[in-house]
Amino acid sequence: MKRSFAVVTDSTADLPDAWRERYDIEVVPLKVLFGEETFRDGVDMSNEEFFARLATSSKLPTTSAPSPGEFAELYTRLAKDHDGCISIHIGRQLSATVEAARVGAQAVDGFRVSVIDSETVTMPMAFLCRVAAECTTLDEAAAAVEKRIPRCRVLALLDTLRYIEMGGRVSRAQAMIGTMLDLKPLLLVVDREIKPVDRVRTRSRAIPRMVEFFEKDMPVEHVGVVHAQAPEEAELIAADLRRRLPGLEVPVGQIGCVLGTHTGPKALGLVYIKK
Amino acid sequence: MDGPLFKRALLGSLSWLSSNHEEVNRLNVFPVPDGDTGTNMLLTLQSAVEDIKESNAAEVSKIAKLASHGSLMGARGNSGVILSQIFRGFARAVEGKSSLTPAELATAFVEAANAAYRAVNKPTEGTILTVAREAGRAASAAADSPDATVPRVIAAAAAGARAAVLKTPSQLQILRDAGVVDAGGFGLQIILEGMLKTVEESESVAALAASRPAAAPAASQVAVALPEEGWGYCTEFLIEGTDLDLERIKNQIEALGNSVLVVGEPELVKVHVHTDDPTRVITLAGGYGKLLKLNVGDMSTQHRRILEGAGQGAGAPRSNGVGVVAVVAGSGLVQIFRGLGVDAIVEGGQTMNPSTQDMLTAIESVPYDEVILLANNKNVILAAKQVLGLTKKNVHVIETHSVPQGVAAVVAFRGDRSGADNLAAMKAEAQRVQTIEVTHAVRDTRSNGLKVKKGDVIGLINDKLEFAGTDYGEVVNKALSKLGADSYELVTVYRGEGASDDELQKLESDIRSTHPGLEIEVQQGGQQHYPFILSVE
């Protein structure tokens, strides 16, 4: 039976390229602002253009959530040929997006929107969308997604703390990073928090540490790798995981502009939903 | 109040917020280029007013509806979303009305605040919500007066908002800590004041001038001035003891910092202070009794915190109950070790070796029963080991011989891992890193098969004299080649106080040209006697 409800997420889900079509998922872009110029994440600017500009921009860009009105417009359009919608978004602790979606949904009469605070960011949201898309009813989808939210993990290796710190998401003290040395923080997004897992001086030693931590969290239902302009390293990690975890797809996704504003270039993420 | 007047009032709000939004931005608790409240509110208000500019509607209800729709479409950030809900509540309250009496206007302000409260899952007092509600209350009170007019109701709302804004620091700890009032609330106050200015001009009510509140206070007057630099550390703890002399403790602590608070009973005293030297404060207080609930927060990073409860910060009490003390000399190196989470520093090292007593005092000052002590110099190790027999605390000495080994060890320390696990990891990391120390020979000598003249540049690899020469770059490059630079990734250069900018730049470019595969990071170590110490890993 074909599902009769729509699946919506936002651009911070870093959906693998093929998934939007394969699972019929609508993506609402967040925005990146370079001074007065506003760009819709993944729409007005490619990831390559973004990171090139990030590297040369003297002032860091800022990010902003979609407006409630933008959600209301999408929901109104979806209401024409769907009987409901599940809308899965970046955690409330990180962005006002889920709030905007909720307010936007209230503005559309007679269309049932189940707005979900994923409590996380990047590809675990894509996994949740896939879970929802594979359900037949909206209730079933909402229950399946809610059940998995506490098991979502993002293990992030940043090349520098500069961007996440400037964005105000994590302080050096929180990341166990001193104020002086350029350490590579390994962070875990879990339970609405960003927790420090480890700090390492060099990148070549940090990647094995990330994989070691992941191994302690096995078994997993979904796992993927995301990266900001570090495709070779991401593919190597993914290939290694595919060898060891036959039967799992292990998609590789690109960290988009909005999340990239906070991670900076060369960030790597191991993202998964625990079993 | 009819449509055209409400339109002018909103345009007045926009222009007043437009000239003041930077003041609002400055109040952000998080001084980061992300989601500035003033900008978010301005952009939201701009969007609210967008369609109104073109409208000639006579009815206030039509203008309000346009504002509601426009703000919903353009809402940015949490404060923008709440502002859009305020417009929504206002628009609902005035539905079908062509013009508002003072009482109806007051009701609309109250309904606007109610709508804002409903929009938020867990309303927090001390925010724009409180300010909206207090504006509504003040407006209602003014509307009850027999000589109520629309301008007076708006004036009351603006005054109510301002009073509420000034109270926000007493309602929210985060504002109190940052020394600011709530930015969103202040934005709303400006919007109401902009409205008031326009309406006053429009109706030219001279009589009102006497009761009109003063113009919006500039943010710099509202906000407690933030220190330009040297935020220091917010240090808090309890002292448990007997017959504690609060006055005396307070006087002594006041000498070490500001924002001092010393309260409690002779048996239990709570201390709060902003200081640049928490170690001294703790040492001092430790002399009075047992320290409990110690919390030292680096305020320069603390006020950027968005995620509450992330813990594990340098200042948060550690779950493993293990403290770290390091022997370090050089102002930059002290900062580096402190920044990595070391609880107490014993000043000393190369030539001025600290005493066992110095190290004992530092260990006793740390609020943990298990303490890891990093010697960071081979001449310190012996004295450090003496501490073991002098304290009840469980002390472990890690025999780090150099600054690079000490840094590597501290980097491996984790507050959520047991003392034994930390020791193993820290020792392993200290062993892994290679140290190159560069200095000048203090006399002619022969050592390790090398003939050295006084004043020569000499290079030591892991404490062993390996190279002599006349040039820093030459000696360092030889040392790097001997270590096998290809198998390493990163060189950290700790610059000593004796090294000039030119010497540093030349060293960097010498290393780059000979070993282009190495990443170089320069740190101001400030150590004496050794112009350069290099960590290779």
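A residue is taken as buried if 20 or more other C-beta atoms lie within 10 Å of its own, as exposed if 12 or fewer do, and as partly exposed in between, with C-beta atoms placed from the backbone. On that count, 53% of the 537 residues of chain B are buried. The structure is a predicted model, in which local features need pLDDT of at least 70 and side-chain atom pairs count only at pLDDT 80 or more, while totals for chains, interfaces and linings use all residues. Residues are numbered from 1 along each chain as its sequence is written, with chains lettered from A and ligands numbered from 1 in the order in which they are written.

Chain B first. It has 20 helices and 16 strands, where helices (H or I, at least four residues) and strands (E, at least two) are DSSP runs numbered from the N terminus. Two residues are in contact if their C-beta atoms, placed from the backbone, lie within 7 Å. Of the chain B contacts with a separation of 6 or more, 66% join residues 24 or more positions apart.

A nonpolar core here is a set of buried Ala, Val, Leu, Ile, Met, Phe, Trp, Tyr and Cys residues joined through C-beta atoms within 7 Å. The largest one holds 230 residues, and the members touching the most others are Ala139(B), Ala157(B), Val325(B), Met359(B), Leu373(B) and Val410(B). Helix α7 of chain B (residues 150-171) supplies the largest share of this core, with eleven residues. Apart from this core lies another, of 15 residues, including Phe237(B), Ile239(B), Val271(B) and Val296(B). As for Leu373(B), once its neighbours within four places in sequence are set aside, its contacts are Val325(B), Met359(B), Ile363(B), Ala384(B), Val387(B), Val395(B), His396(B) and Val397(B).

Next comes a helix pair. Two packed helices are described by the angle between their axes and the distance between the axes. Axes are lines fitted to C-alpha atoms, for helices over the stretch in contact, and angles run from 0 to 180 degrees between N-to-C directions. In chain B, the axes of α12 (residues 278-286) and α15 (residues 356-365) come within 9 Å and cross at roughly 85°. That makes α12(B) roughly perpendicular to α15(B), a label covering 65 to 115 degrees, with under 35 counted as roughly parallel, over 145 as roughly antiparallel and the rest as oblique. On the α12(B) side, Thr279(B), Ile282(B), Thr283(B) and Gly286(B) meet Thr361(B), Glu364(B) and Ser365(B) of α15(B). The residues of this contact split into one nonpolar, five polar and one charged (Ala, Val, Leu, Ile, Met, Phe, Trp, Tyr, Cys and Pro count as nonpolar, Asp, Glu, Lys and Arg as charged, and the others, Gly among them, as polar).

On to the sheets of chain A. Strands of a sheet pair through backbone hydrogen bonds, either parallel or antiparallel, and two strands are called paired if DSSP finds at least two bridges between them. One open sheet has three strands in the order β4-β3-β5 (chain A), paired antiparallel. Its edges are β4 (37-40) and β5 (62-64) of chain A, each with a single partner strand, so one side of each is left without a neighbour in the sheet. Neighbouring strands are turned by 30° against each other on average, direction ignored. Strand β3 (residues 31-34) of chain A pairs with β4(A) over four bridges in the antiparallel sense, and Phe34(A) has Glu37(A) as its bridge partner in β4(A).

A second open sheet runs β10-β9-β8-β13-β11-β12 (chain A), six strands with mixed pairing. Here β10 (193-200) and β12 (252-254) of chain A are the edge strands, each pairing on one side only. Strands β8 (residues 152-157) and β9 (residues 184-190) of chain A pair in the antiparallel sense over four bridges, with Ala156(A) opposite Leu187(A) in β9(A). Helix α9(A) lies across β11, β12 and β13 (268-274) of chain A, at about 160° to β11(A).

The Met218(A) to Pro219(A) peptide bond is cis, with omega near 5°, and Pro219(A) sits in the loop between α8 (203-216) and β11 (220-227) of chain A. Gln229(A), in the loop between β11 and α9 (231-244) of chain A, has a positive phi, near 55°, and is buried, with 20 other C-beta atoms within 10 Å. Asp24(A) also has a positive phi, near 55°, but counts as partly exposed, with 13 C-beta neighbours inside 10 Å.
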